[in-house]
Amino acid sequence: MSGVLKRIGITLEMIKWEHSIFALPFALTAMLLAARGLPAWRTVIWIVVAMVSARSAGMAFNRWADADLDAANPRTSGRAIPAGLLSRQFVLGFIVVAVVVFLLAASELNRLTLFLSPVVLIVLLGYSYLKRLTRWSHLGLGLALGLAPSAAWIAVRGSLDPRIVVLTGAVTLWVAGFDVLYACQDFEHDRRVGLHSLPQSIGLTASFWVARVMHLAMLGFLIWFGVLFHFGAAGWAGVAAVGLLLAYEHSLVSPRDLRKMNAAFFTMNGVIAMVFLFFVSADLWLRR
């Protein structure tokens, strides 16, 4: 039992489960808007369970599918599977458990969430193979996280409102933009082994400009979103805060200096998501 628990701990570290915070605050934002406040705690709990289990399945599958690629990359060769800390069979078992938990959570929410859950899994798991096919794989990862707000809305309402799809677009562009920046670290390796990415295809400087355009477009979507949901002062302050934090994130790295990529990628993106949730929650409370 202690050996199994140790391997589960290594698995959770491998998939960086704490980074579920990237998309979860946007899902909770959609949940609050859909319920016009806080829904029943049962709904909240199952949405969180669905989000965390879905992301865990997707990340573990990515590590499983990319084990050989990770072993050949000096930056990722120390990950659990190529380093021999976990077997591929154990990780596959973890994926199956995470998928089952996700399907259970979807079934506990409503019929439409259960019906659409296989589509979500196709996006989450299919992303791992996009880098073998197209330089635009970053948008696949963006969509995998961008589905969270629309999924949370459906979990509350049992139907999809086109307005929430605008937030899905914003999150998709946000994630795709920072994934472009993150892929700059593997620029030389990807070219050498033939993996597809924007940095590998168009170079670092051009990729930084693409990421900036994506994040500017994200802000445009958030402004559109604020108009659709009639944001008050607090909501607009949240959009402005996201813009300032994105600017700071981009100031941390450049095509010539990627040393602070982890701070830009992990720390700042978690802050951005939480700040947006805080301000939209405050806006809802102030307008009640």
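These legends describe close-up views of a predicted model.

**View 1. Helices H6 and H7 pack against each other.** Helix H6 covers residues 111-126, and helix H7 covers residues 137-157. Their axes lie 10 Å apart and cross at an angle of about 170 degrees. Angles over 145 degrees count as roughly antiparallel, so H6 is roughly antiparallel to H7. From H6, the residues in the contact are Leu112, Thr113, Leu116, Val120, Val123 and Leu124. From H7, they are Gly140, Leu143, Ala144, Leu147, Ile154 and Ala155. Sorted by class, this contact holds ten nonpolar residues, two polar residues and no charged residues. An α-helix has 3.6 residues a turn, so residues three or four places apart point the same way. Leu112, Leu116 and Val120 are among the residues that H6 brings to the contact.

**View 2. Helix H7 bends at Pro149.** The bend at Pro149 is about 30 degrees. How far apart are the end C-alpha atoms of H7? They are 31 Å apart, which agrees with the 30 Å that 21 residues should span at 1.5 Å a residue. Of the 21 residues of H7, 15 are buried, so the helix is largely enclosed by the rest of the structure.

**View 3. Asn110 sits in the loop between helix H5 and H6.** Helix H5 covers residues 88-109. Is Asn110 buried or exposed? Its relative accessibility is 17%, so Asn110 counts as buried, the cut-off being under 20%. Apart from neighbours within four places in sequence, Asn110 is in contact with Ile154, Ala155 and Gly158. Asn110 and Ala152 are 42 residues apart in sequence, and their C-alpha atoms are 11 Å apart in space.

**View 4. Leu33 is a buried residue of helix H2.** Helix H2 covers residues 24-35. The relative accessible area of Leu33 is 6%. Which residues does Leu33 contact, leaving aside neighbours within four places in sequence? They are Trp153, Arg157, Phe225, Phe229, Val280 and Leu284. Leu33 and Ile164 are 131 residues apart along the chain, with their C-alpha atoms separated by 9.1 Å.

**View 5. Met268 is a buried residue of helix H13.** Helix H13 covers residues 261-286. The relative accessibility of Met268 is 8%. Between the C-alpha atoms of Met268 and Leu246 the separation is 8.1 Å. Along the chain, these two residues are 22 residues apart.

**View 6. Arg36 has a positive phi in a loop.** The loop lies between helix H2 and helix H3, the latter covering residues 41-65. Phi of Arg36 is about 55 degrees, although Arg36 is not a glycine. With a relative accessible area of 61%, Arg36 is exposed, since exposed means over 50%.

**View 7. His230 has a positive phi in the loop between helices H11 and H12.** Helix H11 covers residues 204-228, and helix H12 covers residues 233-251. Phi of His230 is near 55 degrees, in a residue other than glycine. His230 is exposed, and its relative accessible area is 59%.

Terms used. Residues numbered from 1 in each chain as written. Predicted model: local features only at pLDDT ≥ 70, side-chain atom pairs only at ≥ 80, totals over all residues. Heavy atoms only, no water. Axes fitted to C-alpha atoms, helices over the stretch in contact; angles between N-to-C directions. Helix = DSSP H or I, 4+ residues; strand = E, 2+ residues; numbered from the N terminus. Parallel < 35°, antiparallel > 145°, perpendicular 65-115°, else oblique. Contact = heavy atoms within 4.5 Å. Nonpolar A, V, L, I, M, F, W, Y, C, P; charged D, E, K, R; others polar. Expected span 1.5 Å × (residues − 1). Bend = angle between axes of the 7 residues up to and from the residue. Buried < 20%, exposed > 50% of the residue type's maximum accessible area, 1.4 Å probe, protein only.
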